[in-house]
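Thanks for coming. I have one model to go through today, and I will keep it brief. Please have a look at it first.

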Amino acid sequence: MSATVACVECAAEIELTEDIEVGEIIVCPDCGVDLEVTGLEPAAVELAPMEQEDWGE
Amino acid sequence: MIRASIVGASGYAGGELLRILLDHPQVQVAQATSRAHLGEYVYQVHPNLRKRTQLKFSDPAALEPVEALFLALPHGQAQHNIEAYAALAGKIVDLSADFRLRDPEAYRQWYGQPHAAPNWLSKFVYGLPELHRRELAAADYVSGVGCNATAANLALLPLVQADLIAVGSPVIVEIKVGSAESGADGNPGSHHPERANVIRTFSAFGHRHTAEVIQELGLRDVTLTMTSVDLVRGVLATAHAIVKPGVALKDLWQAYRPLAAENPFLRVVREQRGIYRVPEPKILAGSNYADLGFDLDESSGHVVSMCAIDNLMKGAAGTAVQCLNLMLGLDEMTGLGFAGLHPI
């Protein structure tokens, strides 16, 4: 049975795939931040650094 | 099939009603009236409808009974003939401002004259499904919505519904608007050399649509400031307020996310990648979606909430058809599936 974690940015509930590994980067489906998987038992994620860019100025 | 007619079909909102209803699987357009264009093919005024219909504009005096009537007349006209319209159709959606306000005194205050049919005001439901879905399902008479009011109301709805705005905080909504808002009839300000390339704040305070925000959201200290920008279609409302102490970004997510889940035309746009990270009206042209975005300075409690819409769709004809769908017991998205264009 797959585990779920809460996004640290927006609190969305994210279901982890069964083959997920520590260190993988996943994307929150609601707010779009990158999250690094930091643990599996229990499942845990942290914000992963995202590249900043000028996107429209 | 439901037979529906459009009174005042030569304006921009009337044209959008025709475009939507010609593809609506449950509605057939019976008549489209226009005094100024009587006898002309509707595509001669709305050229995007060429080869889609052979309908001609008919005389408003020759309106026939139908199941549903859309009134797309200039403000101030429908209230003088509402009894006659009600005798012709069991369901009426009036896109003008005539039946939006519940209080006759508020109408006099904001529109500068007494209402001609004040006893009809309480018979109308304010036509924004995101606020009145249940009442609309049982309604026979529904008002339209102000386009700027809709952008402001939807920008503020998540904050108001979750009771996140600090007591006593003023709410300021800066609204950028396209030229189609001013309607199909020209005026000196809409003359192309004067209107093109503008960023013109034409109403700092007191815009009439403020009354709809006060009425629908119960906000007392709210200001709408209107700025014309170089768009044809589109409204972007950017609302500023102070949130209650302790409110964090996650609380905003918990306010916006369920609202978007419950309302098929509301979308949260708060992306971390790509170009379209915040709501932008231009990709909404022709669609009935309203895109919501937000941000919060957690140190000061200053929240910014945004809503982008197409003023002729979610701000007028699209919402009107959404209302009729609800009034008829249909799926509210029927006929309104167009997703907009990209790039545009």
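This is a predicted model: local features need pLDDT of at least 70, side-chain atom pairs count only at pLDDT 80 or more; totals for chains, interfaces and linings use all residues.

How many residues does the contact take from chain B, and how many from chain A? Chain B gives 10 residues and chain A gives nine residues.

Now to chain B on its own. Chain B is divided into two parts: domain 1 covers 2–144 + 314–327, and domain 2 covers 147–311. Between the C-alpha centres of domain 1 and domain 2 of chain B there are 25 Å. In the contact of these two domains of chain B, 20 residues of domain 1 touch 24 residues of domain 2.

Which elements give two or more residues to the domain 1 side of that contact in chain B? They are helix 3 (104–111), helix 4 (129–137) and helix 9 (313–327) of chain B. Helix 9 of chain B supplies the largest share of this side, six residues. By class, the domain 1 side in chain B has 10 nonpolar, six polar and four charged residues.

Helix 9 of chain B also packs on helix 1 of chain B, residues 12–22. The axes of these two helices of chain B are 9 Å apart, and the angle is about 45°. An angle under 35 degrees would count as roughly parallel, and 65 to 115 as roughly perpendicular; helix 1 and helix 9 of chain B are therefore oblique to each other. The crossing of helix 1 of chain B past helix 9 of chain B is right-handed.

As for the residues, helix 1 of chain B brings B:Ala13, B:Glu16, B:Leu17, B:Ile20 and B:Leu21. Helix 9 of chain B meets them with B:Met313, B:Ala316, B:Ala317, B:Gly318, B:Ala320 and B:Val321. By class, this helix contact in chain B has nine nonpolar residues, one polar and one charged.

Last, a sheet in chain A. Three strands form an open sheet in chain A, in the order 3-4-5, with antiparallel pairing. Why is one side of strand 3 (25–27) and of strand 5 (43–47) of chain A left without a neighbour in the sheet? Both strands of chain A stand at the edges and have a single partner strand each, so one side of each has no neighbour there. On average, neighbouring strands of this sheet are turned by 45° against each other, direction ignored.

Strand 3 of chain A pairs with strand 4 of chain A, residues 34–40, over three bridges in the antiparallel sense. Opposite A:Val27 stands A:Asp34, in strand 4 of chain A.

Note on methods:
Residues are numbered from 1 along each chain as its sequence is written. Chains are lettered from A and ligands numbered from 1 in the order in which they are written. Two residues are in contact if their C-beta atoms, placed from the backbone, lie within 7 Å. Domain bounds come from an automatic or database domain assignment. Helices (H or I, at least four residues) and strands (E, at least two) are DSSP runs, numbered from the N terminus. Ala, Val, Leu, Ile, Met, Phe, Trp, Tyr, Cys and Pro count as nonpolar, Asp, Glu, Lys and Arg as charged, and the others, Gly among them, as polar. Two strands pair if DSSP finds at least two bridges between them. Axes are lines fitted to C-alpha atoms, for helices over the stretch in contact, and angles run from 0 to 180 degrees between N-to-C directions. Angles under 35 degrees count as roughly parallel, over 145 as roughly antiparallel, 65 to 115 as roughly perpendicular and the rest as oblique. A crossing is left-handed if the near helix is turned anticlockwise from the far one by less than a right angle, and right-handed if clockwise.
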